[in-house]
2 protein chains.
Amino acid sequence: MAIVVNTGDDERFHGLHVSPDLDTMTYTLSGLYNPETGWGINGDSFETLQMLNRLGADTWFNLGSRDFAMHIRRTELLAQGSSLSRVTAQLTANLGIAHPIIPMSDQPVRTVLDTDDGTLSMQEYFVHRRAEPVVRSIEYVGASDAEPSPDFASALDAASTIIICPSNPFLSVAPILAVPGVRDAIASHTGPRIAELGSDVSAVGVAREYRGFCDVLVLDSQDANLADAVSAEGIDAAVMPTIMQTDDDKVQLAERVLALAADLENRRS
Amino acid sequence: MAIVVNTGDDERFHGLHVSPDLDTMTYTLSGLYNPETGWGINGDSFETLQMLNRLGADTWFNLGSRDFAMHIRRTELLAQGSSLSRVTAQLTANLGIAHPIIPMSDQPVRTVLDTDDGTLSMQEYFVHRRAEPVVRSIEYVGASDAEPSPDFASALDAASTIIICPSNPFLSVAPILAVPGVRDAIASHTGPRIAELGSDVSAVGVAREYRGFCDVLVLDSQDANLADAVSAEGIDAAVMPTIMQTDDDKVQLAERVLALAADLENRRS
């Protein structure tokens with residue numbers, strides 16, 4: 001199993017390359033993650049950040065002292081000429097992670113929001129401004145010059161099932177689809193393509209968004225009444241509990257989706 | 001009073017610009033210093049360094065989590081195009097330090113030791129190898145292309161008394177003297193020039209080294225018997241307690257040396 005991750009939220013803080021989504025995935029799979037915050041490393045301190053603040057740095061983006069090590073090391077390896085893919089492979093291997101975590105691209109793609117309060121990066125909008133400005137449009141700057149990272153391209157070729165994991169369709173999934181070739185590769189994929197939704201978006205709107213490259217949309221049990229509307233958009237609906245509060249919830253949802261994938265693969269073969 | 005500091009020990013660790021002598025001076029004057037180790041910040045943790053180690057970095061050089069903030073911020077400001085002088089002025093001002101701490105040069109000068117175990121940087125030799133290899137010669141790489149930092153040049157022009165503080169003459173003082181123009185400026189200085197010695201070097205050897213640009217050599221009371229030998233090298237000897245174990249010891253030595261300087265200035269005027 002290969003896990004492809006959005007890098008549209010990557011941003012430099014204090015001169016260091018921070019990859020929020022790569023880090024969340026890395027900390028989750030290495031067991032370092034903080035279940036209370038949903039970001040960062042469990043039990044991390046903020047000594048480094050507090051000292052940076054004393055030294056005049058703007059410290060609105062929370063970064064823990066151990067978390068800083070990740071950004072320092074990533075920045076150093078990138079500066080030595082390694083691609084983000086290679087660096088990520090090395091760092092995740094150092095933490096004993098078995099599954100490959102793959103940046104969507106080795107070229108910079110930046111999710112930029114045009115809001116009623118000016119142009120904001122993803123972190124500026126989401127963290128610094130607490131998602132308060134009204135978003136007029138979203139641009140994935142650099143996407144047209146980017147290409148899928150080599151391991152992403154291989155994974156697209158080799159995949160049996162493609163699962164679009166629960167995440168914000170516009171801020172976390174769309175940047176990946178904006179990388180040239182990705183949308184077409186998924187659209188022409190012959191195996192099952194399953195999308196899971198979080199609970200914070202309209203299932204029907206997403207069905208419309210994902211039409212043409214998704215076979216099954218997983219809906220939360222609470223949204224069972226939307227199944228017909230989703231089907232009307234041309235995508236099958238599968239209903240199951242999708243709210244994940246504990247690790248058990250996560251494992252159970254993953255197992256259910258994989259069982260669904262296996263079932264679809266069997267039916268097609 | 002302006003404090004000029006050796007930067008020959010500066011080195012990049014984890015892609016960050018570390019200035020050990022600037023940091024020791026900065027932490028000392030801001031009250032952050034660790035009196036037990038003689039380096040770093042009092043009460044600092046090592047979470048960042050330990051995590052860097054897990055991520056495959058070579059972590060023989062001890063850097064605390066708050067200490068890292070200094071190196072991160074310095075590196076960022078340098079990368080934005082600021083000189084080491086300007087960056088140091090900014091960082092020390094942020095910590096409320098009243099006296100200017102001035103890097104000897106804004107250009108890189110690196111103290112490199114030719115040893116029986118190969119060529120080593122100052123930190124490699126002193127920290128990593130615990131000063132065990134036999135040193136054949138010392139080179140101050142880059143010195144011939146360097147110039148005194150602007151504030152150092154101004155301080156040399158404006159100084160009444162020049163005090164060479166207690167420090168290793170070859171590893172901490174000589175790099176400063178190797179910057180073109182510095183030795184001549186001190187030699188032609190008309191005010192008092194006082195050198196203080198640490199206890200780990202031969203007073204007579206240093207008198208020979210400092211001949212021509214030093215009027216008075218401060219000897220420790222334990223070395224009072226060397227006063228005549230120092231005078232024979234053409235430098236007056238002043239004897240006082242110089243071993244500093246407490247802050248009070250440091251203040252007392254500073255006050256004695258400043259009184260000596262005032263006395264010399266009066267006699268010349």
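I start with an aromatic cluster: ring pairs link Phe13(A), Trp60(A) and Phe61(A). This is a predicted model, in which local features need pLDDT of at least 70 and side-chain atom pairs count only at pLDDT 80 or more, while totals for chains, interfaces and linings use all residues. Residues are numbered from 1 along each chain as its sequence is written, chains are lettered from A and ligands numbered from 1 in the order in which they are written, and side-chain values use heavy atoms, with hydrogens and water left out.

Rings of Phe, Tyr and Trp, the last by its six-membered ring, pair if their centres lie within 6.5 Å; planes under 30 degrees apart count as stacked, over 60 as edge-to-face and the rest as tilted. Over all chains, the search of the whole structure gives 10 aromatic pairs. In the pair of Phe13(A) and Trp60(A), the ring centres are 5.5 Å apart and the planes stand at 80 degrees, so the pair is edge-to-face. Phe13(A) belongs to strand β2 (residues 11-13) of chain A, and Trp60(A) to the loop between α2 (47-54) and α3 (65-79) of chain A, so the pair ties together parts that are 47 residues apart in sequence. Helices (H or I, at least four residues) and strands (E, at least two) are DSSP runs, numbered from the N terminus.

The second pair is Trp60(A) with Phe61(A): centres 5.9 Å apart, planes at 80 degrees, so this pair is edge-to-face. For accessibility, buried means under 20% relative accessible area, exposed over 50%, and partly exposed in between, with a 1.4 Å probe and protein chains only. Phe13(A) is buried at 7%, and Phe61(A) is buried at 11%. Trp60(A), at 21%, counts as partly exposed.

His14(B) has contacts in both chains. This residue sits in the loop between β2 (11-13) and β3 (16-18) of chain B and is buried, at 8% relative accessibility. Neighbours within four places in sequence aside, His14(B) is in contact with residues including Ile72(A) and Glu76(A) from chain A, and Leu49(B), Asp58(B) and Phe68(B) from chain B.

Now the strands. Two strands pair if DSSP finds at least two bridges between them. In chain A, β5 (residues 110-115) and β7 (residues 135-141) run antiparallel and are joined by 6 bridges. In β6(A), Thr119(A) stands opposite Asp114(A). The hairpin from β5(A) to β6(A) goes through 2 residues.

There is a parallel case as well. Strands β10 (residues 216-220) and β11 (residues 236-240) of chain A pair in the parallel sense over 5 bridges. From β10(A) the chain crosses through helix α10 (residues 227-232) of chain A to β11(A), a right-handed β-α-β crossover. Right-handed means that, with the strands pointing away from the viewer, the path from the first strand over the helix to the second runs clockwise.

Last, the cysteines. A disulfide is taken as a pair of cysteine sulfur atoms within 2.5 Å. By this rule the count is 0 disulfides over all chains. For Cys165(B), the nearest cysteine sulfur is that of Cys214(B), 12 Å away. Is each of these two buried or partly exposed? Cys165(B) is partly exposed, with a relative accessible area of 47%, whereas Cys214(B) is buried, at 5%.

Definitions and conventions:
Contact = heavy atoms within 4.5 Å.
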